Amino acid sequence: MKTNISITALLLTIFFVGCGTGKKQTQNNMTEQKVDSVLALMTLDEKIGQMTQYAVSWDLTGPPSNMDDKEKLDKIKRGMVGSMLKVVSVKATRETQRLVMGNSRLKIPMIFGYDVIHGFKTIFPVPLGESASWDLKMIRKSAEIAAKEASAAGINWTFAPMLDVSRDARWGRIMEGAGEDPYLGSMIAVARVKGFQGDDLSNDKTIAACAKHFAGYGFAEAGMDYNTVNVGIHELHNAILPPFKAAAKAGVATFMNSFNEIDGIPSTGNRNLQRDILKGDWNWNGFIVSDWGSIVEMINHGYAKDKKHAAEIAVKAGCDMDMESYAYNPDLKTLVEEGKVPIDLIDDAVRRILRIKFDLGLFDDPYKYCNEEREKDEIYTKENLKLAREVAKRSIVLLKNDGRILPLEKKGKTIAVIGPLADDKDSPLGNWRAQGVKNSAVSLLEGIKKAVGENTKIIYAKGCDLTISTLKEEENQFLMPIKFNTTDRSGFPEAIRAARKADVVIMAIGEDAYQTGEGRSQVSIELKGLQTELLKAVYKVNKNIVVVLMNGRPLSLKWESENIPAILECWLLGSESGNAIADVLFGDYNPSGKLPVSFPYSVGQEPLYYNHKNTGRPFNPEHVTYTGYRDSPKTALYPFGFGLSYTDFEYSNLKTDRSTMKANETALVTVDVKNTGERDGEEVIQLYIHDVMGSLTRPVRELKGFQKIFLKAGETKTVSFKIDRSSLEFYTASNKWEVEPGDFEIFVGGDSKTEMKVLLTVEK
Ligand code: NOJ
């Protein structure tokens, strides 16, 4: 159909249809009618255009494309591009939208996507770090601020949250997710989706979220990015899919598929995942975007013979939008004309894309996110930074505090601040920092100086560099070779002198911003370069050391855990890093974070996760031929859910209101938690279940509930958890979500190793 329709006529049509629906019909029905009315006007070329996404440049997230900007520009004008990524700022998005609105036949507004992963310009902790807060309210709030800032700069779609459950510290992208647990991951998924999207996508301060990467990307063999994934259907449903299902249920607008293959089928071409499960069983009606070039990568996978074949596989599998594969355009048209791809599939994809554009309100006002005033006033504000500090301090995990060396006094001491990360204003921003400005974070040294009183002496010594790199600037993070072979010990003497003079040493060590993230897998996870050597040299002259770790993945810290009295896990905390760490160091905030991922003794234990299976030979320290290692403990050095406080919590009186129940009934589990110390503090009370026997083997424990509560010194609270179908069911041998009758052990405590338990029996 080659109707020459003007924008006014189009909007009138939509308006007319909208009015015609009457008051009784729901908003959703109206949207459907509007979508259909637009679809009816579209040519095949225009439909395929909506299914196409281009990047404005190709220096950030993938291999160079071979299409030049001029050709892209021409396509945009002809309405042949539904979305752009990495077009940022009011000016740039307005200009681009204008090209569409001023030139294309149907004037279908473009949607602008961007990787707003942990903040836009105000940078929050990397997602793994933020997840350590177990604070769903704050996590939601940080996504809300990220959306507010991004939407003030023309962006209306983020490629976040990343929901890949990840059990392998070697995998560089572990930093982008919520860690190793599907339940915690699901709760955080919902918090982040709601934070980005709010309750109303058409609000100009909210943006569409994207659940990624669907699916299995975090299970890459050997923790190597993009690698093969081999999991069975039950592991897929029980361990990998729950956060995605939760996000779909929470109404996430879009999904992104993943680079990896899973059981021989690349996710991008996986019909079972995308059509059957997501769009079918879960009845989800948003759209799926491919990952960068992942359609065409199916050729390398050995799953498609050429680009056209890849396009056919992807669209049939349910991938609605092509990010930078240049496959849908031009190949889909021929595929439809040849009768290889039914037009219904194209219509379904376009309908999904238009629906989100309507939900965002773009048809009402294509420039609604282009507001110069907002861009000036709402980004990187004092208020946003204040929240970033709140979130950051809640994300810190106290791993060790022998002799209660922490918190430190603010007055009258000499403090040596040593280490390559001590005065680093850039690393805390982490990878995927969107518009975060280089060197804009508050460094630890700055934070400490601001926090202490007049008569505290601070001596700073860097000691050594973290890494040396052949590139000076990281403008192109994907080209930066990382090297760890710094051999320059010339800063050691100064660091040792500083340590000698000090009452206490704060050692800032860990990883730099780009050691984690996409393509940043490592075979070793100990402190790189000369850091351990420096730490040991300092330790020789002053044992009063607080190690402040900054990192995006679990590290192996055996020596440190045995010798250093205090260890604070501070991740990469974002813009307010130094202030937040100082809040904890000096006791203005009592640490409350808990690990969202296990820390191993050694990399050889990876993948390491608390919710493993028992095996036929559960670990037995007295026998050799049991599951374990000869040269290392089998367990974690710091387990999932672990984190100390400056006060102590005592658990007692764990009970259930019943010892038996039916699958459709509920039981109430209660426990008393007392703050037995002298400081107020927060504790994350965690509930785990163990399904003792099943039609499939079950994990030794699974997190099924948690509550973060505040207790005044000396205060006791009774905390209750409801146990129902959702706590007990799993994807069983019959390939269904079922509760199987039998015994369940219910553990409650302050981490995944708690031994406090009650029994509950589910009867037939
Ligand atoms: C590739 C990454 O895997 C994905 O997470 C990201 O959103 C896209 N590039 C776009 O930058």
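Two strands are taken to pair if DSSP finds at least two bridges between them. In this predicted model, β16 and β17 are joined by six bridges and run parallel, and within this part of the structure Ile-509 has Leu-549, in β17, as its bridge partner.

Which residues of helix α18 are buried? In this helix, which spans residues 444-451, they are Leu-444, Leu-445, Gly-447 and Ile-448.

**A buried threonine in a loop**

Thr-268 is located in the loop between β8 (265-266) and α11 (271-281). Is this residue, Thr-268, buried or exposed? Its relative accessible area is 1%, and since buried means under 20%, Thr-268 is counted as buried. The side chain of Thr-268 makes a polar contact with that of Asn-257, at 3.3 Å. When neighbours within four places in sequence are left aside, the residues in contact with Thr-268 include Asn-257, Ser-258, Gln-274, Ser-290, Ile-295, Met-298 and Cys-319.

**Around the ligand**

There are 13 residues around the ligand, and those that come nearest are Asp-115, Arg-173, Lys-212, His-213 and Asp-291. For three of these residues, the table gives a distance between a polar side-chain atom and an oxygen atom of the ligand.

| Residue | Distance from side-chain N or O atom to a ligand oxygen atom |
|---|---|
| Asp-115 | 2.4 Å |
| His-213 | 2.7 Å |
| Asp-291 | 2.6 Å |

**Backbone details**

Phe-214 and Ala-215 are joined by a cis peptide bond with an omega of about 5 degrees, and Ala-215 is found in the loop between β5 (210-214) and α9 (233-240). Another cis peptide bond joins Asn-329 and Pro-330, with an omega of about 20 degrees; Pro-330 lies in helix α14, which comprises residues 328-337.

Positive phi values in residues other than glycine also deserve a mention. Thr-615 has a phi near 70 degrees, a positive value in a residue other than glycine, and its place is in the loop between α22 and β19 (649-656). With a relative accessibility of 44%, Thr-615 counts as partly exposed. Asn-735, which is not a glycine either, has a positive phi of about 60 degrees and is found in the loop between β25 (730-731) and β26 (737-738). The relative accessible area of Asn-735 is 37%, so this residue is partly exposed.

Key
Residues numbered from 1 in each chain as written. Predicted model: local features only at pLDDT ≥ 70, side-chain atom pairs only at ≥ 80, totals over all residues. Heavy atoms only, no water. Buried < 20%, exposed > 50% of the residue type's maximum accessible area, 1.4 Å probe, protein only. Helix = DSSP H or I, 4+ residues; strand = E, 2+ residues; numbered from the N terminus. Polar contact = N/O pair within 3.5 Å; in protein donor to acceptor, adjacent residues only side chain to side chain. Contact = heavy atoms within 4.5 Å. Near = heavy atom within 4 Å.
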